[in-house]
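Hi,

Here is the model I promised to pass on.

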Amino acid sequence: MKLLVTGATGKLGSKVVEELLKTVPAEQLAVSVRNPEKAEHLRARGVDVRYGDFDRPETLATAFSGIDRLLLISADGDNETRIRQHSEAVAEAVRADVKFIAYTSIGNAQESSNFLAPTHKATEEAIQKTGIPYSFLRNNWYLENEGSSIQGVLAGAPWVTSAGNGKVGWAVQQDYAQAAATVLTGTNHENTIYELSGKLFTQNEIAAELSAVLGKEVIVQHVEDAAYADIMKDAGVPEFLLPMLVNIQKDIREGTLEIESNDFEKLLGRPVTSLREGLAQIVKASSN
């Protein structure tokens with residue numbers, strides 16, 4: 001059985017590959033990457049490194065050749081671009097006679113008003129239409145996404161947010177990676193949907209957990225969206241990213257990530273890494 005992970009040199013993909021290599025012989029694992037030179041360390045360990053570019057679907061035909069089980073990690077970019085890329089990747093998976101597709105989606109993808117949801121809704125539907133057995137890994141929110149806010153606090157700034165009392169099911173990428181590896185290598189995951197959400201916390205509550213980690217009070221500064229954008233801009237965030245950051249805050253405020261589920265624990269076979277432990281890991285990594 002041959003497995004393949006797309007985006008395998010990315011932040012999540014690289015963690016998934018390391019999880020897989022704990023249980024899967026390297027020769028059974030392939031990766032699809034835009035820059036094969038960035039995956040030389042995997043090739044040296046016996047992993048089958050293949051060139052695959054979502055913007056060049058003809059390369060995916062070769063990348064997916066002979067693959068039994070595929071983990072399609074969602075690409076970066078705007079919704080329109082990602083929908084096109086994912087649709088073409090799914091079509092190539094059909095042509096390559098892939099037997100199973102796991103896909104990293106977003107919480108409540110089919111009904112969500114989250115600004116990222118259209119990509120995932122369309123991709124889930126494209127996969128379902130193929131008739132290929134699937135598993136949708138509906139990832140809530142990576143704790144690492146809060147890295148810039150954590151860095152700001154470490155530099156003496158308050159925790160700035162316009163998300164109000166909206167709740168998020170944060171979890172560390174390592175937990176998401178382990179869940180994905182479990183589904184890709186396991187049995188009885190055909191035609192499943194997993195809502196992968198950690199325990200729900202508000203902005204005030206995540207700041208309180210960070211306070212406990214740092215041993216000092218973290219002040220929370222609640223602002224409106226426009227003020228949030230101005231503060232982020234003044235902090236050096238590139239202007240083209242500001243609308244996305246504001247949309248994230250708005251979507252959290254409106255509850256799009258407030259999803260309760262124990263699917264994560266089922267896949268991990270253990271509790272999700274606690275928010276405090278995850279924050280401690282990020283703070284430690286930031287100080288190294």
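**Cores and rings**

Beyond its neighbours within four places in sequence, L20 is in contact (heavy atoms within 4.5 Å) with L3, V5, L29, A181, L184 and T185. Before you go on: this is a predicted model, where local features need pLDDT of at least 70 and side-chain atom pairs pLDDT 80 or more, while totals for chains, interfaces and linings use all residues. Numbering runs from 1 along each chain as its sequence is written, and side-chain values use heavy atoms, with hydrogens and water left out.

L20 also turns up in the largest nonpolar core, which has 37 residues; V5, L20 and L71 touch the most other members. By nonpolar core I mean buried Ala, Val, Leu, Ile, Met, Phe, Trp, Tyr and Cys joined through side-chain atoms within 4.5 Å, with buried being under 20% relative accessible area (1.4 Å probe, protein chains only). Helix α7 gives the most to this core, 7 residues; helices are DSSP runs of H or I, at least four residues, and strands are E runs of at least two, numbered from the N terminus. A second, separate core of 25 residues includes V168, W170, V218 and I282.

Now the rings, where Phe, Tyr and Trp (its six-membered ring) pair if centres lie within 6.5 Å, stacked under 30 degrees between planes, edge-to-face over 60, tilted otherwise. There are 3 aromatic pairs. Y134 and F136 are stacked because their centres are 4.3 Å apart and their planes at 20°. F136 is buried, at 0% relative accessible area.

Cheers

Terms used
Buried means under 20% relative accessible area, exposed over 50%, partly exposed in between (1.4 Å probe, protein chains only).
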